Amino acid sequence: FRFFKNSQHYYVIIDDRLPCLSKDNGQPIPFFARCENPNLFWVSLIEKAFAKLHGRYYALHVGTPEEAL
């Protein structure tokens, strides 16, 4: 992913492993951000890259969607 932060471009490379919870039927769902459509993972992947840019998921505990975009 490429992000623009503090007037600079940053490239963030991530893997496709996401922290997940298990539904009652045992099916995993992403722990943090997710789409209504369970077959789409782009929101979770962008969030993971953004968290990596800021050091960890906990760093994302405040802010607005506008700041993230």
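Biologist: Hi! What pLDDT does the chain average?

Modeller: Hello! The average pLDDT of the chain is 87, and 90% of the residues score at least 70. Keep in mind that this is a predicted model.

Biologist: Which elements have the lowest and the highest mean pLDDT?

Modeller: The lowest mean, 67, belongs to helix α2, residues 65-68. Strand β2, residues 8-11, has the highest, at 95.

Biologist: Good to know. How many helices and strands are there in the chain?

Modeller: You will find two helices and four strands. In sequence order the pattern reads β-β-β-β-α-α.

Biologist: And how much of the chain is buried?

Modeller: Of the 69 residues, 16% are buried. The accessible surface of the chain is about 5800 Å², and carbon and sulfur atoms account for 55% of that.

Biologist: Let's go to helix α1. Is serine 44 buried or exposed?

Modeller: Serine 44, which sits in helix α1, is buried, because its relative accessibility is 4% and the cut-off for buried is under 20%.

Biologist: What is serine 44 in contact with?

Modeller: Setting aside neighbours within four places in sequence, serine 44 is in contact with Leu18, Pro30, Ala33 and Arg34.

Biologist: What about lysine 48, buried or exposed?

Modeller: Lysine 48 is in helix α1 too, and it counts as buried at 16% relative accessibility.

Biologist: What share of contacts in the chain join residues at least 24 apart?

Modeller: That share is 39%, taken among contacts between residues at least 6 apart in sequence.

Biologist: New topic: cysteines. How many disulfides are there?

Modeller: The count is zero. A disulfide is a covalent bond between the sulfur atoms of two cysteines.

Biologist: So is cysteine 35 buried or exposed?

Modeller: Cysteine 35 is buried, with a relative accessible area of 19%. Cysteine 20 is partly exposed, and its relative accessible area is 43%.

Biologist: One last spot. What is phi for asparagine 6?

Modeller: Phi of asparagine 6 is near 55°, a positive value in a residue other than glycine. Most residues other than glycine have a negative phi.

Biologist: And where is serine 7 found?

Modeller: Serine 7 is in the loop between β1 and β2, and its phi is also positive, near 65°. Asparagine 6 is found in the loop between β1 (2-5) and β2 as well.

Biologist: Are those two buried or exposed?

Modeller: Asparagine 6 counts as exposed, because its relative accessibility is 62% and exposed means over 50%. Serine 7 is exposed too, at 65%.

Definitions and conventions. Residues are numbered from 1 along each chain as its sequence is written. This is a predicted model: local features need pLDDT of at least 70, side-chain atom pairs count only at pLDDT 80 or more; totals for chains, interfaces and linings use all residues. Side-chain values use heavy atoms; hydrogens and water are left out. A disulfide is a pair of cysteine sulfur atoms within 2.5 Å. Buried means under 20% relative accessible area, exposed over 50%, partly exposed in between (1.4 Å probe, protein chains only). Contact means heavy atoms within 4.5 Å. pLDDT is the predictor's confidence in each residue, from 0 to 100. Accessible areas come from the Shrake-Rupley method with a 1.4 Å probe; for residues, only the protein chains shown count as cover.
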